[in-house]
Amino acid sequence: MPITTPELDFGLNENTQMIRESVARFADEQIVPLAAKIDAQDWFPRHLWPAMGELGLHGITVEEEWGGSALGYLEHVIAIEEISRASASLGLSYGAHSNLCVNQIRRWANEEQKAKYLPKLISGEHVGSLAMSEAGAGSDVMSMKLKAEKKGDRYVLNGTKFWITNAPEADTLVVYARTGEGSKGITAFLIEKEFKGFSIGQKIDKVGMRGSPTAELVFTDCEVPEENVMGPVGAGAGVLMSGLDYERTVLAGIQTGIMQACLDVVLPYIRERKQFGKPIGAFQLMQAKVADMYVALNSSRAYVYAVARACDTGRTTRFDAAGAILLASENAMKTALEAVQALGGAGYTRDWPVERYMRDAKLLDIGAGTNEIRRMLIGRELVGAL
């Protein structure tokens, strides 16, 4: 579906604009025709992964020596935005793969680990995932209980992870486990799906983001070679927390993509739908709705793009990364609700995609740190700064 809203000039350079256009074209041709099926059947279209690899999307922030595109977080946000405009669930799985997994390996793995894992992840032959949360460790992720015990030249892991995006499809996973006490007792591991003692538990049936598979991970005396420790032993908390700013920034692009998708449906509809002898877009109440939707989209983009640029220059702050996704997530939910309302009864049916946008938008009020946690973080940082 073509973009029907005016494009505000955000000062994107020619290369970044070309990435938007190429990913948008791919999304329109390859993802949009599958989006309804992805949602209705809770189906992960793995066959698209190598095609996305050919476009350079999986290693967008990775250096060329490892097969990446050597671009930045702004380009990563643009790419996930265009994918999510077509299918937010595919955008979520893409973000979990390319940012949470690939980018963390790029930032923290040693050269041998990068050489072993990055090529197949970047090509799209393999799917990646990251596992932090547990059933009893969500916002308080440092309370994780998955235990890793050193035995000879390997670690033995016992416990579970929960709410893990891409888990049923993942070949390579970045997993955080407890090797000691407190925040200095967390270590990051690179897990392969074939490791002895590793299995997939229950798959989670979600309200939205269907087609982005979410499941439990089960570790039963799972043997992990010592060389699969990523980063220093006991420094996993730092590895984990250092990635959250980039995760929140990139995933905010899912929400701007959803808002764009809402406008792409609503604007043509209110131009064509007639009541009382005129298009409903002629009524000021409907004009006010689309005005609010447009402002919500572009204000979110401005903040998210600014934070992404700050990430690229090493100047981002934790509270701005949290603020960008806070604004984008709440604006996306409001925009999706207005899109349903603008279509009236039609919007409340599965004949139109706006109900899917509404269900998908809700996830990032919760995932990557709830909005309550984001507000707490922002407020604490600002008060502390005083």
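Analyst: The model is predicted.

User: What two quantities describe a pair of packed helices in general?

Analyst: The description rests on the angle between the two axes and the distance between them. The crossing in which H6 passes H7 is left-handed.

User: Which residues of H6 and H7 meet?

Analyst: From H6, the residues are Tyr246, Thr249, Ala252, Thr256, Met259, Gln260, Cys262, Leu263, Val266, Leu267 and Ile270. Their partners in H7 are Met286, Val290, Met293, Tyr294, Ala296, Leu297, Ser300, Arg301, Val304, Val307, Ala308 and Cys311. By class, the contact of H6 with H7 has 18 nonpolar, four polar and one charged residues.

User: At what angle do helix H3 and H7 pack, and how far apart are their axes?

Analyst: Helix H3 (residues 73-86) packs with H7 at an angle of about 140 degrees, and their axes are 7 Å apart. That angle makes H3 oblique to H7. On the H3 side, the contact is made by Tyr73, Leu74, Glu75, Val77, Ile78 and Glu81. H7 contributes Arg301, Val304, Tyr305, Ala308, Arg309, Cys311 and Asp312. The residues of this contact divide into eight nonpolar, no polar and five charged.

User: I would now turn to empty space. How is it found in general?

Analyst: A probe the size of a water molecule is rolled over the atoms, which shows where empty space is left. In this model, the largest pocket holds about 1100 Å³ of space. Its lining consists of 44 residues, and Ser133, Ile366, Gly367, Ala368 and Gly369 lie nearest the centre of the pocket.

User: Which elements give two or more residues to the lining of the largest pocket?

Analyst: They are helix H4 (88-108), strand E1 (128-131), strand E3 (154-165), H6, helix H8 (318-343), helix H9 (354-361) and helix H10 (371-385). H6 supplies the largest share of this lining, six residues. Sorted by class, the lining of the largest pocket has 26 nonpolar, ten polar and eight charged residues.

User: How many cavities of 30 Å³ or more are there?

Analyst: The count comes to two cavities of 30 Å³ or more. The largest cavity has a volume of about 60 Å³. Asn99, Leu100, Asn103, Gln104, Leu130, Met132, Tyr176, Leu240, Gly243, Leu244, Tyr246 and Glu247 line the largest cavity. H4 and H6 are the elements that give two or more residues to this lining, and H6 provides the largest share, five residues. Seven residues of the lining of the largest cavity are nonpolar, four are polar and one is charged.

User: Which residues line the second largest cavity?

Analyst: Ala35, Ile38, Asp39, Ser87, Ala88, Ser89, Arg210, Arg356 and Asp360 form its lining. The second largest cavity has a volume of about 30 Å³. Helix H1 (14-40), H4 and H9 each supply at least two residues of this lining, and H1 gives the most, with three residues. The classes here are three nonpolar, two polar and four charged residues.

Key
Residues are numbered from 1 along each chain as its sequence is written. This is a predicted model: local features need pLDDT of at least 70, side-chain atom pairs count only at pLDDT 80 or more; totals for chains, interfaces and linings use all residues. Side-chain values use heavy atoms; hydrogens and water are left out. A crossing is left-handed if the near helix is turned anticlockwise from the far one by less than a right angle, and right-handed if clockwise. Helices (H or I, at least four residues) and strands (E, at least two) are DSSP runs, numbered from the N terminus. Contact means heavy atoms within 4.5 Å. Ala, Val, Leu, Ile, Met, Phe, Trp, Tyr, Cys and Pro count as nonpolar, Asp, Glu, Lys and Arg as charged, and the others, Gly among them, as polar. On a 1 Å grid over the protein atoms alone, a cavity is a set of points where a 1.4 Å probe fits but cannot get out, and a pocket is an open set with protein on both sides within 12 Å along at least five of seven lines; lining residues have an atom within 4 Å of a point. Grid points are joined across faces, edges and corners, and a volume is the space filled by probe spheres set on the points. Axes are lines fitted to C-alpha atoms, for helices over the stretch in contact, and angles run from 0 to 180 degrees between N-to-C directions. Angles under 35 degrees count as roughly parallel, over 145 as roughly antiparallel, 65 to 115 as roughly perpendicular and the rest as oblique.
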